[in-house]
Every structure is written in C-alpha cells, then in structure tokens.
Amino acid sequence: MKIQESDAKSLLLARGLPVPAWTVARTPAAARQAAEAILAGGEDKVVIKALVLVGGRGKAGGVKLAGSADEAEQVADAILGMNIKGITVQKVLVAAAADIIKEFYLAAVLDRKSQRIILMGSAEGGIDIEEVAATRPEAIIREAAHPHLGLLPWQARRLVFGMGLGAHLKDAVKIATGLVETMLVNDADLVEINPLAIIREAGPDGSPVERLVCLDAKVTLDDSALGRHPDLAAMRDLDEEDPTDRIAREQGISFIKLDGNIGCMVNGAGLAMTTMDLVKQAGGAPANFLDIGGGARSDKVAAAMALILSDPKVEAILVNIFGGIARGDEVARGLVRARKEQARSVPMVVRIVGTNADVAAQILEAEKVATAASLDEAVSMAVAAARASAGGAA
Amino acid sequence: MSILVGRETRLVVQGITGREGEFHSRAMQAYGTNIVAGVTPGKGGSMALDGSVPVYDTVAEAVAQAGANTSIIFVPAAGATDAVMEAALSGIATIFCIAEHIPALDMLKAVEVVRRAGATLVGPNCPGATTPGQAKVGIIPGSIHLPGRVGVVSRSGTLTYEAVQAMTDAGLGQSTCLGIGGDPIIGTTHLDALKLFAADPDTDAIVMIGEIGGTAEEEAAAWAAEHLAHLPKVAFIAGRTAPEGKRMGHAGAIISGGSGTAASKTAALEAAGFRVALSPTQLPKLLREAGYKG
C-alpha cells in the first residue's frame, strides 16, 4: 500500500529522523494560512506540493514555490483540482522552501534477488534514481542488512563515507540506520528519501549553519502485514481509491480495472493474467484483472459479477475456473444466482474444469449458459460475443 | 525420486486437525503419499485421518518418533513462519508452506533460518509439489497428472494446473510438478528448481512457468543457457497485458521501474534456448518441436 508523503514523513519523525515541518492543506485558504505562519517565522519562500500517490508530480506542475501568502493561495488554488496521471489533487503539502546546498539519494528496499533489505545511497540525489542505476550503476552504493541483526553501525558508516557524507557522519549514520528501522517497525517494502539534502538555515545565533535533512519521503507498506498495524492501515488514502477497488478489497477479491470490454472472472492470479493475455491475443480487450481467490463461495462469485458489471464498457463476460480448492459446482451456482440478480444482461461464456466440473456443467446447461471445454475455445467465444454485442449496440 | 517428493517422502502435516489441513491430508493420503505424522500443539497423543496418523505436539517428536523427513504447513499466515522455523530446526529436510499473505519481512527471517539449518523451503503462497504416481505434497489436484519425465516449475497455482493438464492431455508425463509460490520472498526460486531438475536422472525436459515481477526467470534462464543446453526447454510467462505498477493478485507480480516485464523475461528465456509459448496449451507442441521424444 502506498501512503502519502505527509504520512511517510510522520513515520520518519517517529524514528527521530530530521524532517522539516510541514502542513497539509485541503483548500487554498488553508494553504494561505500555513504559508503565513511559515513566512512570519522568517522564511523567504514556501514550497507547495501536490499530495498524490503517483510519481512525476514535479514534471506535471504539482510542485511550486511561493514568496507571499497571496501567491501561496494562488499556487494552491492551481494545484488543487489539477489532474496528475488520472488522479485529481485533493490536498497539498506546505513547507518552508529549503536552501539546498547538495542533494543525495537514500533508500531502504526489500531486494527479492538477494532476499535482503538493501540500503542504497547515491551522491546523485533529487533525480530519477532508476536512470542513474541504468546509466551509472557505480554511482549507487549498496549495503545489505542482515535479516536478524539489521544494519550494523559499521555498514552505515561505510555507506555514508561512500556517499561523500563524511562531514555529516553522525547525522547521516542515524538516518541510514533509521531508514532500516522504519522499514522493520512498519513492515514497509520501500522507504525512500529523495532528496536527502544538506540545507543552509539560520543557526541559534542567526548565522547560517548546514544541516542534513529528509526533504521528501516515499514509503510503501506490505499489504500482508497491515492486519497487525491498524494505525498504518488507517493511512490508506480513500481520496485516491476508486469505489470499485474499495468494494473488491472489502470482498477479498483481487481486481484491477483495465480499458477493454471483456470482463474476466478467474480463480488464481497467474491464470487470471493468462486469461487476459489470451483475450488480447485473440483480438479482444480485457476489461479487468479479477482473481476470486481459492475456495470461492457462491456469494463471492456474485460479488465478483457485480464488480465486473459496474463497468459500463463491459460487453461480454468470460469466466475461467480451474477447480482445485475451488469447487466448480459452487462457482456455477454463484453464477446462476448472480445472473438472476444482475441489473443488465451481457453475454457470458463459462469454462469450468477440475473439481466437480461435471456437476457444474449440468447446472450451467439447465440454465442455458454458454460453456466451453478448453481455455482457447472459451476465449475465442468471448471475443466473438463481445464483437456481436458491440455491433448490436452500434 | 524425481525432485523434493517421492516414495521416500515421510510427511508430517503441521496443522493436520485444521479444516484445510485435514481436507488436503485426506487427498494426499488418497494419492498415496506416506503421511507419517501430524502436529497440532495441544493435541499430541490423539490420532488423525480416521485413526491412521499419530498427532504430536511438536515437530521434533514427529521426527524422532515417526521418522518424518518432509513437512507441509497448513498453518494460517500469522503462525506460518514460526511453523517453518520449527520444522527447519527440528531436522526436517524439505518444508512446504502453503499459506498466503505472510508478511515479507517475516519470511526474510524464516528463509535465513531455513538456509542456516541446511533445509529446503518451498513457498510460501504455493500449491506444493507432486511426483506423479509416487507422492503429492500440497493442494494440486492429483487427477491432472501423468507419470513421465518432464519437470514442471511454476510461480502460480491454477495456471500450473492448466499447463499440467495440457501436458497430460497430450500424453506428456511429468517427473515432478513444483509450484514455488507467487510471493516476493520465497524459499525455492526458479533457479533452485532448475538446479534440482538438472541433477535428477528422472527428468529429461523442462517446462518453466513464470509471471511478471522480479527477475527470477531471467536469472534461471541465464543459468539454464550454460547448464541445461542439452535438455528440451519450454516456458510460458503470464502478464503480457498487465499494466505497470499494479500488483496482479500475487504479492510478487508487479512491474516496477520498467523491470519484471513479460517482454524482458521472454527475451531472456528465448536467448537461453527456451521455446516460449503464447498459451499454456501450446506447451506440449513446443516441447515436441524442441526435440522431446518421451
């Protein structure tokens, strides 16, 4: 689960890491108020950033500076409501604009290949790290944390010296160690600081001092661990969750909406992806990825059908079930029930094999549901049905 | 014994008295798997599966008294990694973990314990393994198999069944069918499975089924190019139409930063001498074209 920058920063603060203060504003007036307070504190400028769970907001115009309260209000007004990669911006983060001396990159990631938490650091911060990794891999320094011991202090020191942060050794070691701690404590997959920055600010006596701070933060949490972190589960941003996705999540159905017109209902993630691929290959377009999960009961089948039909673009439905834990007859009964309850009629092709497939076939035959024996046959029938359905509507 | 499971398997079922544990234990026993023990803490001394299998409180007892060498874990996610570590540190050589939704950082720790103990973990979030005609350890329907000499390894559940059914329908039997699981952190990778098949005198050809996310298929392909050049090899990759950045059901099935795409996996496999099918139903035909005579 992705969380917003503001929530990610609060997780870093909870580990005692240096994060400059921020305010979240949902209206231009609230952004103005936040800016006034920051400017009254002696700052020259504020930065206003769109809070969205997609990358590339800077390039999309979702990050702007403002030098006065009036300007902050105008900038916030422009950013709020802006569409960034399909997401409507509903809130902004307001903070003092930092006087940046140098930017770095630092992240803790769960590395599948080495099966370790890896800390990745680079002196080339503030930019696209994937580009650095592709073009200048030697510019990225890595340290692997031990699964049981975590990141040891000497490893943190080696990383920090390697990044050229020796002048800020103590703070940098604390941040490096803190990132791994943040990951472990919160069951995160990724804790990324980009940029980690040396900034210039006014010291206690008014003279400028340098300080290492986390200027941005990105955290993704392990969905499988949210059950033991109710506080983190509450960070799910419902502003950005499609209502259909919410229903699917609550029903325990894996559902991802796509652009096509053939709704798919499948048991198993790999088979669900394969079914989509085959629909595309046969000249059709899948409307969704949908995995009803193992041991699907008839009520879950009905819920899945409702999810598929909530997309007005769907013109045919393809059901592909390979019974193992899931029983074919249970799915067939659910389909029959769902068809009686459904609001609109769409052609449906059903292919059920495996456990109790024979009983399923009898149930479907009695209800005159179109069935197919093989996967390839089911796919071509569904593609033809969608074409006929689309043609009829035109 | 083909790989991982076979006639030598002496199975202990951790969680044998639970609903899932009992249901699948009956199916495994009916297939001919030698279930020697069950473990349910607090139910030691009782008998399971109609009096045919003794239940112990600990895995250590199941090893010492019943001679268990393989374990399957039907414990829900919250207790699954503890069960894995108990098995590994009680002398079990091969451990299958079926549960889904285990936190990745828990599995990271458990995998390290298993490795240190010198044991093999398969899963989690996997359907297990079957050596047709000998033993089935897991939840793969027994009816889809045919004994033979093709090794099958896959990250999926039902997609594996689809591929195995296609093989069986075409008369191509399997040495062992192994589901390694769809999670990001797993005990046995595609590469590990290929190494096991390479060392197995009963396996003459390879079917590898992968999906988007991570680079495990690419790593396995690179190794196969060098060490499995002599074997007919075919593959299928699910997720050609999956959008980037979305988790496709499996926790590990996600394309991130342009890495882990079906295209990159297909290219790596083809470069390594695999014939890559566009549908699981094409696998038998491609295997024949690759020179498999079995």
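Which residues of α9(A) are buried? Let me get the ground rules out of the way, then I'll answer that.

So, this is a predicted model, where local features need pLDDT of at least 70, side-chain atom pairs count only at pLDDT 80 or more, and totals for chains, interfaces and linings use all residues. Residues are numbered from 1 along each chain as its sequence is written, chains are lettered from A and ligands numbered from 1 in the order in which they are written, and side-chain values use heavy atoms, with hydrogens and water left out.

Okay, back to α9(A). The buried ones are A:Ala269, A:Gly270, A:Leu271, A:Ala272, A:Met273, A:Thr274, A:Thr275, A:Met276, A:Asp277, A:Leu278 and A:Val279. Buried here is under 20% relative accessible area, exposed is over 50%, and partly exposed is in between, with a 1.4 Å probe and protein chains only. That makes 11 of the 13 residues in α9(A), a mostly covered helix. When I say helix or strand, I mean DSSP runs numbered from the N terminus: H or I with at least four residues for helices, E with at least two for strands. The helix covers residues 269-281 and reaches 18 Å from first C-alpha to last, close to the 18 Å expected at 1.5 Å a residue; that expected span is 1.5 Å times one less than the number of residues. After α9(A) comes A:Gly283, with a positive phi near 95 degrees.

Zooming out to chain A as a whole. We've got 13 helices and 18 strands, and the C-alpha trace spans about 85 × 50 × 40 Å along its principal axes. Of its 394 residues, 53% count as buried. Contact means heavy atoms within 4.5 Å, and of the chain A contacts with a separation of 6 or more, 67% come from residues 24 or more positions apart. The chain exposes about 16,900 Å², with carbon and sulfur atoms supplying 52% of it; those areas are Shrake-Rupley with a 1.4 Å probe, and for residues only the protein chains shown count as cover.

Next, strand β14 of chain A, residues 262-266. Why call it largely enclosed by the rest of the structure? Because five of its five residues are buried. A:Ile262, A:Cys264 and A:Val266 point one way, while A:Gly263 and A:Met265 point the other. β14(A) runs parallel to β16, residues 316-323, and five bridges join them; for strands to pair, DSSP has to find at least two bridges between them.

B:Gly249 is in the loop between β13 and α8 of chain B. Which residues is B:Gly249 in contact with, leaving aside neighbours within four places in sequence? A:Ser254, A:Ala269 and A:Phe289. B:Gly249 is partly exposed, with a relative accessible area of 24%.

Elsewhere in chain B, B:Thr168 in helix α5 is buried at 17%. Not counting residues up to four places away, B:Thr168 touches B:Ile144, B:His145, B:Leu146 and B:Gln174.

A:Asn194 and A:Pro195 are joined by a cis peptide bond, omega about 10 degrees, and A:Pro195 lies in strand β10 of chain A. In chain B, the B:Gly123 to B:Pro124 bond is cis too, with omega near 15 degrees. Then there are non-glycines with positive phi. A:Lys368 has about 55 degrees and counts as exposed at 73% relative accessibility. B:His101 has about 65 degrees and is partly exposed at 48%.
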